[in-house]
Amino acid sequence: MEAGKKIFIIDDDPIHRLLMSKLFERQPKSCKLSFFENGQKGLAALETIIAEKTEALPDIILLDIEMPLMNGWQFMDKYSALPGEIKKQIRVYMVSSSFSDQDQERVKDYPDIQDYVVKPLRMEKIIELLD
């Protein structure tokens, strides 16, 4: 059986994390979710995987913008410094409940961000991200 995609969900909202868990359970593809409540914890997990090489890198990171300790933009500033061979294996999506034009424009300043996704994510969008 195919192991499926490994997905990091970095979001401080417990309701959104629960919703993501339920939606990913209902979609047809196999995947492994890892949840982090802020960018600092998500980055630490990513750096551990890179340093120890004991597990696969995430295929996808769904990154919230507004979080305590380290927000999505601060995460991306650190992420941007990672080696290119690491970053090319991961697709990062900035996720926000905001329709802010400013945030959507700011995403363009980060070439490592694939897209800006407005939450709550719908099943169709999750399936699209996994393809």
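This is a predicted model: local features need pLDDT of at least 70, side-chain atom pairs count only at pLDDT 80 or more; totals for chains, interfaces and linings use all residues.
First, the whole chain. The secondary structure comes to six helices and five strands. Along the sequence, the order reads β-α-β-α-β-α-α-β-α-β-α. The C-alpha atoms fill a box of roughly 40 × 35 × 25 Å along the principal axes. How does the radius of gyration of the protein chain fit a compact globule? For 131 residues, a compact globule would come out near 14 Å, and the chain has 14 Å, so the two agree. On burial, 46% of the 131 residues count as buried. Now contacts.

Next, the helix pairs. Two packed helices are described by the angle between their axes and the distance between the axes. I have two pairs to show.

Pair one is H2 with H3. H2 covers residues 39-52, and H3 covers residues 72-79. Their axes come within 9 Å and cross at roughly 25°. Angles under 35 degrees count as roughly parallel, therefore H2 and H3 are roughly parallel to each other. The crossing of H2 past H3 is right-handed. Who makes the contact? On the H2 side, look at Gly 39, Gly 42, Leu 43 and Leu 46. On the H3 side, look at Phe 75, Lys 78 and Tyr 79. By class, that gives four nonpolar residues, two polar and one charged.

Pair two is H1 with H6. H1 spans residues 14-26, and H6 spans residues 123-130. The axes are 10 Å apart, and the packing angle is about 70°. From H1 come Met 20, Leu 23, Phe 24 and Arg 26. They meet Met 123, Ile 126 and Leu 130 of H6. The class count here is six nonpolar, no polar and one charged.

Stay on H6 for a moment. Ile 127 lies in this helix. Is Ile 127 buried, exposed or partly exposed? Its relative accessible area is 30%, so Ile 127 is partly exposed. Beyond its neighbours within four places in sequence, Ile 127 is in contact with Gln 27 and Pro 28. Now pick Phe 24. Ile 127 and Phe 24 are 103 residues apart along the chain, yet their C-alpha atoms are separated by 8.8 Å.

The peptide bond from Lys 119 to Pro 120 is cis, with omega near 10°. Lys 119 also turns up as a contact of His 16.

So, over to His 16. His 16 sits in helix H1. With a relative accessible area of 7%, it is under the 20% cut-off and therefore buried. Setting aside neighbours within four places, His 16 touches Asp 11, Val 95, Lys 119 and Leu 121.

Asn 38 is in the loop between strand S2, residues 31-36, and H2. Is Asn 38 buried or exposed? At 3% relative accessibility, Asn 38 counts as buried. Leave out residues up to four places away, and Asn 38 touches Ile 10, Met 67, Pro 68, Leu 69 and Met 70.

Leu 69 has a positive phi of about 65°, although it is not a glycine. Its relative accessible area is 65%, over the 50% cut-off, so Leu 69 is exposed.

One more positive phi. Lys 53 has a value of about 50°, and it is not a glycine either. Where is Lys 53 found? It is in the loop between H2 and strand S3, residues 60-64. At 70% relative accessibility, Lys 53 counts as exposed.

That is the tour. Questions, please.

Note on methods: Residues are numbered from 1 along each chain as its sequence is written. Side-chain values use heavy atoms; hydrogens and water are left out. Axes are lines fitted to C-alpha atoms, for helices over the stretch in contact, and angles run from 0 to 180 degrees between N-to-C directions. Helices (H or I, at least four residues) and strands (E, at least two) are DSSP runs, numbered from the N terminus. Angles under 35 degrees count as roughly parallel, over 145 as roughly antiparallel, 65 to 115 as roughly perpendicular and the rest as oblique. A crossing is left-handed if the near helix is turned anticlockwise from the far one by less than a right angle, and right-handed if clockwise. Contact means heavy atoms within 4.5 Å. Ala, Val, Leu, Ile, Met, Phe, Trp, Tyr, Cys and Pro count as nonpolar, Asp, Glu, Lys and Arg as charged, and the others, Gly among them, as polar. The radius of gyration is taken over C-alpha atoms; the globule rule is 2.2 Å times the number of residues to the power 0.38. Buried means under 20% relative accessible area, exposed over 50%, partly exposed in between (1.4 Å probe, protein chains only).
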